[in-house]
Amino acid sequence: MVLFGVIIMVFLLFNALPGDPVSMMVGQRSDINTREQITKELGLDQPLPIQFLIYLNDLSPNSYHENSTDNQKKYEYS
């Protein structure tokens, strides 16, 4: 229970901090298409509960990721 509480607190803390992760990745002077693409790839366009589930998935040792190559969706465990 304590570990789950810490996970929730860290997630909420990173979402409450000011700043945009996309701006930190590409800088302030980037075009809007690049920013939108990175936002979509990171899942930052999703609602907060979905972002939390993605965060839990990434913390899990058996995380489930979606990889797309040549417009073909392929799911694999990593």
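Good morning. I begin with R35, which lies in helix α3, the helix spanning residues 32–42. Please bear in mind throughout that this is a predicted model. Is R35 buried or exposed? Its relative accessibility is 19%, and buried means under 20%, so R35 counts as buried. Leaving aside residues up to four places away in sequence, R35 touches D20, V22, S23, V26, G27 and S30.

The protein chain contains 4 helices and 2 strands. Read from the N terminus, the order of elements is α-α-α-α-β-β. Of the 78 residues in the protein chain, 13% are buried. The chain exposes about 6,600 Å², and carbon and sulfur atoms supply 60% of that area. As for contacts between residues at least 6 apart in sequence, 27% of them join residues at least 24 apart.

Along the chain, I8 and Y55 are 47 residues apart, and their C-alpha atoms are separated by 9.8 Å. The second pair concerns L59, found in helix α4. With a relative accessible area of 46%, L59 is also classed as partly exposed. L59 and I7 are 52 residues apart in sequence, and the distance from C-alpha to C-alpha is 9.3 Å.

Rolling a probe the size of a water molecule over the atoms shows where empty space is left. The second largest pocket has a volume of about 440 Å³. Which residues of its lining are the closest to its centre? Of the 16 residues that line this pocket, they are F14, N15, P21, L44 and Q51. Several helices take part in the lining: α1 (2–16), α2 (21–26) and α4 (48–59) each supply at least two residues. By class, the lining of this second largest pocket comprises 11 nonpolar, 4 polar and 1 charged residues.

One of the residues closest to the pocket centre, Q51, deserves a separate look. Q51 is found in helix α4. Why does Q51 count as buried? The reason is its relative accessibility of 13%, because the cut-off for a buried residue is under 20%. A polar atom of the Q51 side chain lies 2.8 Å from the backbone oxygen of Q46. Not counting residues up to four places away in sequence, Q51 touches F11, N15, G43, L44 and Q46.

R35 in helix α3 counts as buried at 19% relative accessibility, and Q51 in helix α4 counts as buried at 13%. Thank you for your attention.

Key
Residues numbered from 1 in each chain as written. Predicted model: local features only at pLDDT ≥ 70, side-chain atom pairs only at ≥ 80, totals over all residues. Heavy atoms only, no water. 1 Å grid on protein atoms, 1.4 Å probe; cavity = no way out; pocket = protein on both sides within 12 Å on 5 of 7 lines; lining within 4 Å. Points joined across faces, edges and corners; volume = space filled by probe spheres on them. Nonpolar A, V, L, I, M, F, W, Y, C, P; charged D, E, K, R; others polar. Buried < 20%, exposed > 50% of the residue type's maximum accessible area, 1.4 Å probe, protein only. Contact = heavy atoms within 4.5 Å. Areas by Shrake-Rupley, 256 points an atom, 1.4 Å probe, with all protein chains shown as cover. Polar contact = N/O pair within 3.5 Å; in protein donor to acceptor, adjacent residues only side chain to side chain.
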